[in-house]
Amino acid sequence: MKREDRHRDILTRIERDGRLQVKDVADALNVSDMTIRRDLEFLEQHGALYRVHGGAVSPATHSFDPGYLTRSLHRTDAKKAIGVQVADLLAEHESLVLDAGSTTLAVAHAISGVGRTLRVLTVDLRIADVLGDDTGIHLMLPGGTVRPFERVLNGSWTEKAFNDVHFDTYVLSAGGVHVGAGITEYDPDDAAVKRAAKASARRTILAVDSSKLDTVAFSSVCGLADIDVLVTDPAGGSTAAVKESVANGIDVHLV
């Protein structure tokens, strides 16, 4: 089994059960205990889990982000579909802010290399890598401090980049989407940048997979009613967040 496939299996077990034992995973995947221990060490370095004696536990709390690697390996098909739908909602020559995250990275892939003409500002260096060589994309990056592993810009310099600009659309990602708590994010500095970006845009499209719905992260970004468009996967259709969005007249797309 390839390393990435083992990591995906480990993260699925952590998400489902909250913890795992090295021996159980090694037996299930027909590999050595040492191989699984090395996998757990790598995943812990990327914030995907915490190692404990004999195994690992989930890091998921309201206060701490589960980590980019964890997010990037989950619900990849749903994120790809969301990315395509968001791209379809963007007009030619539109100016937009593309938020950081694995779902907005799918949006970047959907608009790259297909002849789109757009002005894009992003705080995500992975997204910049995708869009940087597309001659139709006028790509902009703010200043700021780079968060290790996340490869995201934040801080006061990043916030100030939105002071004197006016974008058509902000494609927003989120750590949580909840009827009462609204749109939330794990890192307070990231949340501050999101608030500044949202204030600079005429329209906000929230692009999240259904695992983020009816959950709450640490820092507030805005209210659920402050969103103009919500794009998520069909599994989110039964959530309170989607039902409330429909009731509030938000344009909801289940793809």
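## Report on a predicted model

A polar contact of 3.0 Å links the side chains of His253 and Asp251; a polar contact is a pair of N or O atoms within 3.5 Å, where within protein one must be able to donate a hydrogen and the other to accept it, and residues adjacent in sequence count only if both atoms are side-chain atoms. The model is predicted, so local features need pLDDT of at least 70 and side-chain atom pairs count only at pLDDT 80 or more, while totals for chains, interfaces and linings use all residues. Residues are numbered from 1 along each chain as its sequence is written, and side-chain values use heavy atoms, with hydrogens and water left out.

His253 lies in strand β15 (residues 251-254). Helices (H or I, at least four residues) and strands (E, at least two) are DSSP runs, numbered from the N terminus. His253 is buried, with a relative accessible area of 18%; buried means under 20% relative accessible area, exposed over 50%, and partly exposed in between (1.4 Å probe, protein chains only). Leaving aside residues up to four places away in sequence, His253 touches Gln85, Leu89, Val229, Leu230, Val231 and Thr232, where contact means heavy atoms within 4.5 Å.

An open sheet is formed by 3 strands in the order β1-β3-β2, with antiparallel pairing. β1 (19-21) and β2 (50-52) are at the edges with a single partner strand each, so one side of each has no neighbour in the sheet. On average, neighbouring strands of this sheet are turned by 25° against each other, direction ignored. Axes are lines fitted to C-alpha atoms, for helices over the stretch in contact, and angles run from 0 to 180 degrees between N-to-C directions.

| Helix | Strands | Angle |
|---|---|---|
| α2 (residues 22-29) | touches β1 and β3 | about 70° with β1 |
| α3 (residues 33-45) | lies across β1, β2 and β3 | about 140° to β2 |

Within the sheet, β1 and β3 (residues 55-57) pair in the antiparallel sense over 3 bridges. Two strands pair if DSSP finds at least two bridges between them. Arg19 has Val57 in β3 as its bridge partner.

Elsewhere, strand β4 (residues 95-98) runs parallel to β5, and 4 bridges join them. Leu98 has Thr122 in β5 as its bridge partner. Strand β5 (residues 118-122) is mostly covered, with 4 of its 5 residues buried.
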